[in-house]
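Here are a few notes to read alongside the model. Have the viewer open and click along as you go.

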Amino acid sequence: MKTSWRSASLVASAAAVLALTTACGQDSPPAASQNVGATAAPGDYGNIGAGTGNGAAGTATGQPAAPSASSSSNPAGKLSVSTAEKVGKVVTDSLGLTLYRFDQDTEQPPKSNCDGDCAKTWPPVPADDAEAGEGIDKALLGSVTRADGTKQLTVGGWPAYRYAKDVNAGDVKGQGVGGKWYALAPDGKKAQGGAGGGEAAQAGLSTRNDAKLGEIVVDKNGMTVYRFKKDEAWPKPVSNCTGACLEKWPLVEPVDFADTKGIQKKGYMIFDRADGKGKQQTINCSPIYTFAGDKAPGDTNGQGVGGTWYAVRPDGKLVGASE
């Protein structure tokens, strides 16, 4: 019996829908999919610090805090290596103040992306008189010209900063701030303790038990992971957080499933964003983010922001909200 054109068309359509469903629910990550959709309207992504979490409200990463006179951009002098409790070996200046690096900078070529108010909170370390002391490889020291024409010290290619809230020798209060600032190890890499001072490296995505929210997903720095209710997961991931929204809610970049712990495998996939911001990780096909208002591991300031942002369960479901 011959199959009519209409019947064949219906079969083909059903197969296409089934294929999409499978791609967003299979046990292994499929090829990236292109997203489409409207972007978040002003106000949809909330104000930093407006959530109901247990951390202190704050400003976006790199925004001003009250500068400390002792951490202003004084000459670096002879650099040395100190051992900070739960952080490990860190580079310090001649006054014993910890030096830091910023994830949004680049090392090849060296470039600082911390200017204006950011540089008040994170004063750049001048390169002029920096000298390699014991434990510091002179070959790793260099400089980069900042936007204002001044020379900033680099260690292993990374621009070096102090933190305004470090007022005493040995302070490492800047470690893990915003999930982007870390003490400099002698080789220019991040100090091995990680955000919050954990002795061992943390999985790219894992879970922790929060006293108020229960088991929630966190990133490699221990920072809380969130979902945006206006995003879409089926039949393919769509992020509706773009532009200024992404400044407050940075996307979680792809994490190999082998580098996760306690996360559901079904629907664990990455996708290509339509705004050209690269690839983004999902859990159960839902795009995931962190929050710039969370300043330290354990903060959940993004919970409930705007009635649209919520922490994530290991199976990708929202915490404290219906789908």
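1. Start with the open sheet: its 3 strands come in the order β7-β8-β9, and the pairing is antiparallel. Strands β7 (141-145) and β9 (158-159) sit at the edges with a single partner strand each, so one side of each has no neighbour in the sheet. Keep in mind that this is a predicted model.

2. As background, strands of a sheet pair through backbone hydrogen bonds.

3. On to charges: the structure holds 8 salt bridges. One of them links Lys190 with Asp103, with the closest N and O atoms 3.2 Å apart. Lys190 is in the loop between β10 (181-183) and β11 (205-210), while Asp103 is in the loop between β3 (100-102) and β4 (106-107), so the pair ties together parts that are 87 residues apart in sequence. Lys190 is partly exposed at 22% relative accessible area, and Asp103 is also partly exposed, at 27%.

4. Lys120 is partly exposed with 47% relative accessibility, and Asp117 is partly exposed with 34%.

5. Last stop: which residue does Lys279 meet in a salt bridge? The partner is Asp272, at 2.7 Å from N to O. Lys279 counts as partly exposed at 36%, and Asp272 counts as partly exposed at 23%.

Terms used. Residues are numbered from 1 along each chain as its sequence is written. This is a predicted model: local features need pLDDT of at least 70, side-chain atom pairs count only at pLDDT 80 or more; totals for chains, interfaces and linings use all residues. Side-chain values use heavy atoms; hydrogens and water are left out. Two strands pair if DSSP finds at least two bridges between them. Helices (H or I, at least four residues) and strands (E, at least two) are DSSP runs, numbered from the N terminus. A salt bridge is a side-chain nitrogen of Lys or Arg within 4 Å of a carboxyl oxygen of Asp or Glu. Buried means under 20% relative accessible area, exposed over 50%, partly exposed in between (1.4 Å probe, protein chains only).
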